[in-house]
Amino acid sequence: MAYGFAPSDYQRDLRLRRARALLAEGTAPSTAAAEAGFADQAHLTRWFSRTYGVTPAAYRTAPQQVP
């Protein structure tokens, strides 16, 4: 099946989605990083900020939008 991503980009996207879901539940960024498969919190922060434009900690404390 084709997703339009390189395998490493696809894997990172899955990890970021998992981390975002954990953060929305109130999980600490360090725990979310470990559970989502990032090497450490700094690695998550770097990619999360680059992708979503906000740090994991800021995302975690922001009011969540419910569709």
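## Basis of the model

Helices (H or I, at least four residues) and strands (E, at least two) are DSSP runs, numbered from the N terminus. The model is predicted, so local features need pLDDT of at least 70 and side-chain atom pairs count only at pLDDT 80 or more, while totals for chains, interfaces and linings use all residues. Residues are numbered from 1 along each chain as its sequence is written, and side-chain values use heavy atoms, with hydrogens and water left out.

A search of the whole structure finds two salt bridges, each defined as a side-chain nitrogen of Lys or Arg within 4 Å of a carboxyl oxygen of Asp or Glu. One joins Arg12 to Asp9, with the closest N and O atoms 2.5 Å apart. Both residues lie in helix H1 (residues 7-24), three residues apart, about one turn of the helix. Arg12 is partly exposed at 21% relative accessibility, and Asp9 is partly exposed at 33% (buried means under 20% relative accessible area, exposed over 50%, partly exposed in between; 1.4 Å probe, protein chains only).

The other joins Asp13 to Arg17, whose closest N and O atoms are 2.9 Å apart. These two are four residues apart in H1, and therefore about one helical turn separates them. Asp13 is buried at 17% relative accessible area, whereas Arg17 is partly exposed at 47%.

## The buried face of helix H2

In helix H2 (residues 29-36), the buried residues are Pro29, Ala32, Ala33 and Ala36. Viewed down the H2 axis, they fall within an arc of 100 degrees, so they line one face of the helix; the arc is that of the directions from the helix axis to the C-beta atoms. These buried residues pack against H1, helix H3 (41-52) and helix H4 (56-61), contact meaning heavy atoms within 4.5 Å. Gly37 follows H2 and has a positive phi, near 100 degrees.
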